Amino acid sequence: MSNLSPQTEFDCPITKECGALVQLLQPRERDLGGFSVRRVLPVVGQKMIGPWIFFDHMGPAHFPAGGGINVRPHPHIGIATVTYLFEGEILHRDSLGSLQPIRPGDINLMVAGHGIVHSERERPEITATDHTLHGLQLWLALPEAEEETDPAFYHYPESTVPSVSVDDVPVRVMMGTAYGETSPVKVFADTLYIEAWLKPGQKLTLPDAQERGLYVAKGRLLAGGTEIPEFSMAVLSEQQGVIVEALEETRLALIGGEPLGKRFIEWNFVSSRRERIEEAKRDWENGRFPSVPGDEMSISLFRAR
């Protein structure tokens with residue numbers, strides 16, 4: 001999804017904790033044109049968690065008939081976008097010719113590499129009635145050796161994403177390996193992404209990773225004696241065997257993996273080299289990015305300045 005503001009990094013109140021919890025991040029509401037998102041990453045003091053450089057919680061946004069998301073074609077470089085819905089549907093188009101609805105439980109992975117353009121809209125069948133959109137959209141920074149890879153698009157239906165019961169807690173292994181299951185979703189570095197749904201009083205031992213961020217999409221969690229409220233992300237240490245307990249019905253997402261080093265980010269462009277971002281900006285200004293077949297109306301933040 002497009003970042004409609006040229007500002008990508010925001011101040012964030014960070015509470016220092018002890019033990020397994022290093023920081024507690026509170027999101028900022030951002031307007032994406034017709035609906036808002038809670039943006040958790042990046043913030044001042046926490047640019048990335050492992051390879052993850054961007055974390056948006058969309059909705060739940062409720063649209064009347066005739067309304068809906070309408071994100072026109074926009075470019076990306078240097079990342080892979082990961083889209084996952086709890087409710088609703090998004091119609092993905094890109095400059096490779098991909099045309100794919102994403103529905104709850106599916107995972108869409110779009111690899112920008114040296115440059116891709118995509119749009120996110122909704123099918124007429126969806127916008128014809130009142131409907132809701134709710135989900136997560138994340139960006140993965142690519143390792144330096146992969147930043148200029150060829151763009152690609154992968155769609156993983158719900159049935160292909162591993163599910164496992166851990167102490168009666170249903171867990172989905174979205175990316176990477178956890179609880180003896182390995183996701184088929186393509187990764188470029190050591191990457192972790194799971195979701196779980198806990199009933200009040202249930203506990204879950206989190207998988208280990210070099211860096212981890214624990215997001216509460218619904219409910220409240222207790223970890224190491226510290227409460228993690230709804231819509232907050234706890235940055236965790238490398239401490240092994242971290243156990244969380246649900247204080248009420250809770251949906252969590254855990255992201256993590258290996259750190260990739262410093263990245264620059266401006267608008268929808270990410271790179272280990274600042275000059276590469278400047279090049280991408282000029283390319284977009286001068287129409288050197290490819291168009292999206294069937295959806296050629298693009299947006300330009302830079303021309304609007």
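**Figure 1. Strand 12 is buried on both sides in this predicted model.** His131, Leu133, Gly135, Gln137, Trp139 and Ala141 point one way from strand 12. Thr132, His134, Leu136, Leu138 and Leu140 point the other way. All are buried, meaning under 20% relative accessible area with a 1.4 Å probe and protein chains only; exposed is over 50%, and partly exposed lies in between. Strand 12 spans residues 131–141, and eleven of its eleven residues are buried. Strands are DSSP runs of E with at least two residues, numbered from the N terminus. Residues are numbered from 1 along each chain as its sequence is written, and side-chain values use heavy atoms, with hydrogens and water left out. As the model is predicted, local features need pLDDT of at least 70 and side-chain atom pairs count only at pLDDT 80 or more, while totals for chains, interfaces and linings use all residues.

**Figure 2. Strand 12 pairs with strand 5 and with strand 7.** Two strands pair if DSSP finds at least two bridges between them. Strand 5 and strand 12 are antiparallel, with nine bridges. Here Phe55 has Leu138 as its bridge partner. Strand 7 and strand 12 are also antiparallel, with eight bridges. Val82 likewise has Leu138 of strand 12 as its bridge partner.

Figure 3. Arg38 stands opposite His57 of strand 5.

Figure 4. Arg39 counts as buried because its relative accessibility is 2%.

**Figure 5. The largest nonpolar core has 31 residues.** Such a core is a set of buried Ala, Val, Leu, Ile, Met, Phe, Trp, Tyr and Cys residues joined through side-chain atoms within 4.5 Å. Phe55, Val82 and Tyr193 touch the most other members. Strand 7 (residues 79–87) gives the most to this core, with four residues. Beyond four places in sequence, the contacts of Tyr193 include Trp52, Val82, Tyr84, Leu136, Leu138 and Ile255; contact means heavy atoms within 4.5 Å. Another core, of 28 residues, lies apart from the largest one and includes Leu21, Leu192, Ala234 and Ala246.

**Figure 6. Strand 25 is covered on both faces.** Eight of the eight residues of strand 25 (residues 250–257) are buried, so this strand is largely enclosed by the rest of the structure. Thr250, Leu252, Leu254 and Gly256 lie on one side. Arg251, Ala253, Ile255 and Gly257 lie on the other. Strand 18 (residues 191–198) pairs with strand 25 in the antiparallel sense over eight bridges. Glu195 has Ala253 as its bridge partner. Strand 20 (residues 211–218) is joined to strand 25 by seven bridges, again antiparallel. Gly213 has Ile255 as its bridge partner.

**Figure 7. Four strands form an open antiparallel sheet in the order 6-11-8-9.** Strand 6 (71–76) and strand 9 (99–102) each have a single partner strand, so one side of each is left without a neighbour in the sheet. The twist averages 25° from one strand to the next. Strand 6 and strand 11 (residues 116–121) pair over four bridges. Val71 stands opposite Glu120 of strand 11. His74 belongs to strand 6 and counts as buried, at 0% relative accessibility. A polar atom of its side chain lies 2.8 Å from the backbone oxygen of Arg72.

**Figure 8. Strand 8 and strand 9 form a hairpin.** Four residues lie between them, and Gly97 in the turn has a positive phi of about 95°. Strand 8 covers residues 90–94 and pairs with strand 9 over four antiparallel bridges. Arg93 stands opposite Leu99 of strand 9.

Note on methods
Axes are lines fitted to C-alpha atoms, for helices over the stretch in contact, and angles run from 0 to 180 degrees between N-to-C directions. A polar contact is a pair of N or O atoms within 3.5 Å; within protein, one must be able to donate a hydrogen and the other to accept it, and residues adjacent in sequence count only if both atoms are side-chain atoms.
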